[in-house]
Amino acid sequence: MNKNKIDFAKKLLSSGELVIFPTETVYGLGADATNDKAVKSIYKLKNRPINNPLICHFSNIAQIEKYFIISEFEKKLASKFWPGPLTIILKKRKESKISNFLSNNSIYVGCRIPNNFLAKKLISSLELPIAAPSANLSQRTSVTNIKDLDPILKKKIFIIKDKQSKYGLESTVIKINKKNNIEILRHGSITLEQLSKIAKVKKIKVIKKSKISPGNLSKHYSTVKPIRINIKKVLNDEGLLNFGKNKLISNIINLNLSEKKNLNEAAENFYHFLHKLDKSNCKRIAVAKIPNIGLGKTINDRLKRAIK
Ligand code: TXA
Ligand code: MG
């Protein structure tokens, strides 16, 4: 069954069409990364500004080395975190066939090897890298459960279905600078604490307003309904996104990211619950305080962008 789906998706990608496929972080909207026209069509469909680069997905490091230069330190990070939710910005080789539209003509491209069985099968059967942003319209919340896909995307694009994404938050985007420091361009599923097991904390820098990572600048990851965060009281017209056990309660809808205060569980539930609240009959969304450590940092980062 899955084999037929992978074969069909491969055919679509080879002929320049798009495919929605699962990853361990969020669903991706994929195209053959070497096909200019296919890559451009991602921007058009998502209504995404052309200066916001896409991530390139590979099935193994040898495939990445065909297109990119990868230093010893980057290889060390790769061997620790790939396959998995870490995106490393790498320099293209001169002869690289990766579309220039993918990175707005920059030679620096975000690369990762996803850790999802179907994603890996798809990329290895295509034998080409897949360019893919999250499978949502520009500025909207990412999708971890196919029930939450935008009707426009659902109608137009072939979908490889899977269970709800295991991690639930996008990959962490990093760049290694000339001094071998790790620059975090976007918080994600790999935490600063995990990175600090590979590099000294003083060699890890969080880049606040990254010009080269526009996903980190503008309003992003937004629900349709307005959001309030770190709330002490839920208002009458608000639905509640809670965390831990407390006295907060909504008259309309109550969802708890993790009663046990487990941040992995909270991350897994995060986007699906935001979509549920958006679809419910509350007017606004109230979010309880979430600790600003580990994955909590990523959740808070997304929430802050959602309220702008
Ligand atoms: O987990 C993920 O990363 C998912 C799955 C599908 O892999 N993809 C994803 O893609 O979240 P997207 O396009 O929604 O977000 C990519 C982020 C954006 O913030 C973008 O600005 C940044 O990565 N990015 C991509 N390429 C970059 C580059 N060459 N330089 C700097 N930032 C880059
Ligand atoms: Mg996105």
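Asp301 pairs with Arg305 in a salt bridge whose closest N and O atoms lie 2.5 Å apart. The model is a predicted one. Both residues belong to helix H9 (residues 295-307), where they are 4 residues apart, about one turn of the helix. Asp301 and Arg305 are both buried.

The pair is part of a network of salt bridges that links Glu170, Asp301, Arg302 and Arg305. Over the whole structure, the search finds 9 salt bridges.

## Salt bridges between strands and loops

Arg112 and Glu24 form a salt bridge through their side chains, with an N to O distance of 2.9 Å. This pair links distant parts of the chain, 88 residues apart: Arg112 is in strand S6 (residues 108-112), and Glu24 is in the loop between strand S1 (19-21) and strand S2 (28-32). Arg112 and Glu24 are both buried.

A salt bridge also joins the side chains of Arg228 and Glu238, at 2.7 Å from N to O. Arg228 counts as partly exposed because its relative accessibility is 30%, whereas Glu238, at 0%, counts as buried.

## Cysteines

A search of the whole structure finds 0 disulfides. For Cys111, the nearest cysteine sulfur is that of Cys56, 5.5 Å away. A disulfide requires the two sulfur atoms to be within 2.5 Å, and Cys111 is in no disulfide.

Cys111 has 0% relative accessibility and therefore counts as buried. Cys282 also counts as buried, at 4% relative accessibility.

How values were computed
Residues are numbered from 1 along each chain as its sequence is written. Chains are lettered from A and ligands numbered from 1 in the order in which they are written. This is a predicted model: local features need pLDDT of at least 70, side-chain atom pairs count only at pLDDT 80 or more; totals for chains, interfaces and linings use all residues. Side-chain values use heavy atoms; hydrogens and water are left out. Buried means under 20% relative accessible area, exposed over 50%, partly exposed in between (1.4 Å probe, protein chains only). A salt bridge is a side-chain nitrogen of Lys or Arg within 4 Å of a carboxyl oxygen of Asp or Glu. Helices (H or I, at least four residues) and strands (E, at least two) are DSSP runs, numbered from the N terminus.
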